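Let's take a walk through this one together. Keep the sequence and the model side by side as you read.

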Amino acid sequence: MEEKHERFYGTFFDKDSVLKIARWAGILAWVVLGIYLFTSLVMFIIFIQQFASGIYYQKGMSIFDLFSFFNPYLIQPLPGIIYFFGLKFVQHALLIFLDMEESTRRSARGGKPQT
């Protein structure tokens with residue numbers, strides 16, 4: 001015999017909305033990471049072309065001066081990586097909260113998990 005599951009409106013979360021927000025946070029995380037990595041790669045390629053043509057060369061430069069030219073291009077994708085992990089954290093935190101609420105409701109009812 002099938003059990004009829006009624007929607008309980010006393011919940012903290014609307015399950016469909018939370019799942020939609022979590023899904024969009026995950027998609028946005030990948031989009032932001034892709035944009036940051038793409039723009040960083042384009043800027044690094046432009047820098048390499050300019051560096052190879054001799055624009056950045058100065059007489060008497062040391063090896064440390066050369067490394068200082070590359071430093072900003074190595075750090076440029078860092079904000080995108082931070083945004084990526086932040087949005088992924090939000091995505092998984094929302095899913096964990098949803099699971100916690102469902103588990104709490106199930107234990108309060110004393111029932112078995114829904115399948």
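This is a predicted model: local features need pLDDT of at least 70, side-chain atom pairs count only at pLDDT 80 or more; totals for chains, interfaces and linings use all residues.

Residues are numbered from 1 along each chain as its sequence is written, and side-chain values use heavy atoms, with hydrogens and water left out.

Start with the big picture. The chain has three helices and zero strands, so the pattern along the sequence reads α-α-α, where helices (H or I, at least four residues) and strands (E, at least two) are DSSP runs numbered from the N terminus. Of the chain's 115 residues, 17% count as buried; here buried means under 20% relative accessible area, exposed over 50%, and partly exposed in between, using a 1.4 Å probe and protein chains only. Now look at contacts, meaning heavy atoms within 4.5 Å. Among those between residues at least 6 apart in sequence, 77% join residues at least 24 apart.

Next, pick out H1, which runs over residues 15–53. Its 39 residues reach 57 Å from first C-alpha to last, close to the 57 Å expected at 1.5 Å a residue; the expected span is 1.5 Å times one less than the number of residues. Just after H1, glycine 54 takes a positive phi of about 95°. Which residues of H1 are buried? They are Val18, Ala22, Ala25, Gly26, Ala29, Val32, Leu33, Ser40 and Phe47. These buried residues pack against helix H2 (63–75) and helix H3 (78–109).

Now for the packing itself. Two packed helices are described by the angle between their axes and the distance between the axes. Axes here are lines fitted to C-alpha atoms, for helices over the stretch in contact, and angles run from 0 to 180 degrees between N-to-C directions.

Take H1 and H2: their axes come within 10 Å and cross at roughly 160°. That makes H1 roughly antiparallel to H2, as angles under 35 degrees count as roughly parallel, over 145 as roughly antiparallel, 65 to 115 as roughly perpendicular and the rest as oblique. The crossing is right-handed; a crossing is left-handed if the near helix is turned anticlockwise from the far one by less than a right angle, and right-handed if clockwise. On the H1 side the contact is made by Met43, Phe44, Phe47, Ile48 and Phe51, and on the H2 side by Leu66, Phe69, Phe70 and Tyr73. Those residues divide into nine nonpolar, no polar and no charged, with Ala, Val, Leu, Ile, Met, Phe, Trp, Tyr, Cys and Pro counted as nonpolar, Asp, Glu, Lys and Arg as charged, and the others, Gly among them, as polar.

Turn to H1 and H3. They pack at an angle of about 165°, with their axes 8 Å apart. That makes H1 roughly antiparallel to H3. H1 passes H3 in a left-handed crossing, and the contact residues divide into 20 nonpolar, three polar and three charged.

H3 has 32 residues and reaches 47 Å between its end C-alphas, close to the expected 46 Å. Its buried residues are Gly80, Phe84, Lys88, Gln91, Ala93, Leu94, Leu98, Glu101 and Arg106, and what covers them includes H1. Just after H3, glycine 110 has a positive phi of about 75°.

Leaving aside residues up to four places away in sequence, alanine 29 touches Phe84, Leu87 and Lys88. Alanine 29 and phenylalanine 85 are 56 residues apart in sequence, yet 7.5 Å apart in space, C-alpha to C-alpha. Threonine 39 is also in H1, but is partly exposed, with a relative accessible area of 36%. The C-alpha atoms of threonine 39 and proline 77, 38 residues apart along the chain, are separated by 8.3 Å.
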